[in-house]
Amino acid sequence: MDKNFQEEFTQIIKFKPPLYKQRHQFVKDLVEKYKPKKVADLGCADCSLLRMLKFCSCIEVLAGLDICANVMQENMHTLSPLPVDYLQPSERSLTVTLHHGSVAHKDPCMLGFDLVTCIELIEHLEEPELKKFPEVVFGFMAPSIVVISTPNSEFNPLLPGLMLYRHPDHKFEWNQAQFQSWALETARCYDYSVEFTGVGHPPEGMEKAGFCTQIGVFIRKYPRTGESVQSEKPTEAVYKTVFKAVYPSLKDEKYLQNAVISEVIFTAQIMKHRLMSKHQEYGDDPERKSKFQPSMDCFSDYLGKLVVEKNMEPFVSGNEVHIPLTTIFSFPKVNRLCGTFEKLCKLVAGKITLSSDGSAVIFNIEHE
């Protein structure tokens, strides 16, 4: 819904932070508590909640649904990856999709979600849509958690200037008893439990009015079987996809390889500079140079090992500086990116200059 319109009636009470931000923060706190991987926001409107949730590290799939395609299209660019996302890909995968359609219709693209949010949505539904809503969300989609928020009409007398509803598109606004009665019956029908809370505290002395926004958090009691989901899966899609963004991720071999190569070169450059400083300090004294110039033969026995021995040092050979891959692999970031030494060797092969046996990164001193 239009959050700016609603805030006109709540400025005198001065919710801090603004009421829509409190609702979004409530959802974010739930995400941090339950760590869902797939989250769908029904009635996503300007996509502001999705923009906040895309930064939650546990989420790998985000989907938005709204009946108004124009509002989504005006704001969908804010869900696109930024240049920094390509320069520093995340370790998780993330796909964001926006769909145009009604919450009264079933579509297979909405199956498999862990958390479904319906923030200030149900009061916009016509009576036929509201009747179909529970079956679509709780019966068909059947996520583990559903969050529904809606205005509390008992708070309306505290909002000066409000004549009937908080928004001209609202079809109804329930009091606390009405919302709880609907929510409890819905939870009973679809094997969910429900807890009631809200955001937007009333002024002191007016506690009976309740929260400005009332919230129901539904938790599914029993896991859903694959057979029951398949039996209800419609054969045709009814939603229209208006936006899709796949964020760069280190789970993608292409981005992982780029990140590993960059980190290997960065690490090797640091080690090379330290070695050259040491080399210049010792000069051409053979006895002193021998202390930090082990033979290349000593590296072959260590290939594939995770632990680098103390004598696995970089060395200078003629006009070349050799930085053993096993030494580079011992650095935490390289180790975390690759997982195994074999993976490191595979990712850098043919992409950076290595020694003839592939055991070390080589820099040419003259070119430097």
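**Sheets, pocket and local details**

V316 stands opposite V321 in β10. This is a predicted model, in which local features need pLDDT of at least 70, side-chain atom pairs count only at pLDDT 80 or more, and totals for chains, interfaces and linings use all residues. Residues are numbered from 1 along each chain as its sequence is written, and side-chain values use heavy atoms, with hydrogens and water left out.

β9 and β10 (residues 320-324) pair in the antiparallel sense, over 3 bridges. Two strands pair if DSSP finds at least two bridges between them. Strands (E, at least two residues) and helices (H or I, at least four residues) are DSSP runs, numbered from the N terminus. An open sheet of 3 strands runs in the order β9-β10-β11, with antiparallel pairing. Its edge strands are β9 (315-317) and β11 (360-364), each pairing on one side only. From one strand to the next, the twist averages 30°. Such angles are taken between axes, which are lines fitted to C-alpha atoms, for helices over the stretch in contact; they run from 0 to 180 degrees between N-to-C directions.

Now turn to another sheet. Here 8 strands form an open sheet in the order β6-β7-β5-β4-β1-β2-β3-β8, and the pairing is mixed. At the edges lie β6 and β8 (240-246), each of which pairs on one side only. Neighbouring strands are turned by 15° against each other on average, direction ignored. Look inside the order at β2 (residues 61-66) and β3 (residues 95-100): they pair in the parallel sense over 6 bridges. G64 stands opposite L98 in β3.

The structure holds 12 aromatic pairs. Rings of Phe, Tyr and Trp (its six-membered ring) pair if their centres lie within 6.5 Å; planes under 30 degrees apart count as stacked, over 60 as edge-to-face and the rest as tilted. The rings of F138 and Y192 have centres 5.1 Å apart and planes at 85°, so this pair is edge-to-face. It links distant parts of the chain, with F138 in helix α6 (residues 127-141) and Y192 in strand β6 (residues 192-199), 54 residues apart.

Where does the second largest pocket lie? Domain 1 (19-247) and domain 2 (253-280 + 298-364) both give residues to its lining, so the second largest pocket lies between them. The domain bounds come from an automatic or database domain assignment. The volume of this pocket is about 280 Å³. Of its 15 lining residues, the closest to the centre are L87, Q88, P89, A259 and K333. A pocket is an open set of points on a 1 Å grid over the protein atoms alone, where a 1.4 Å probe fits, with protein on both sides within 12 Å along at least five of seven lines; lining residues have an atom within 4 Å of a point. Grid points are joined across faces, edges and corners, and a volume is the space filled by probe spheres set on the points. α9 gives the most to this lining, with 6 residues.

A cis peptide bond joins K16 and P17, with omega about -5°. P17 is in the loop between α1 (3-7) and α2 (19-34). A45 has a phi near 50°, a positive value in a residue other than glycine. A45 sits in the loop between β1 (38-42) and α3 (48-53).
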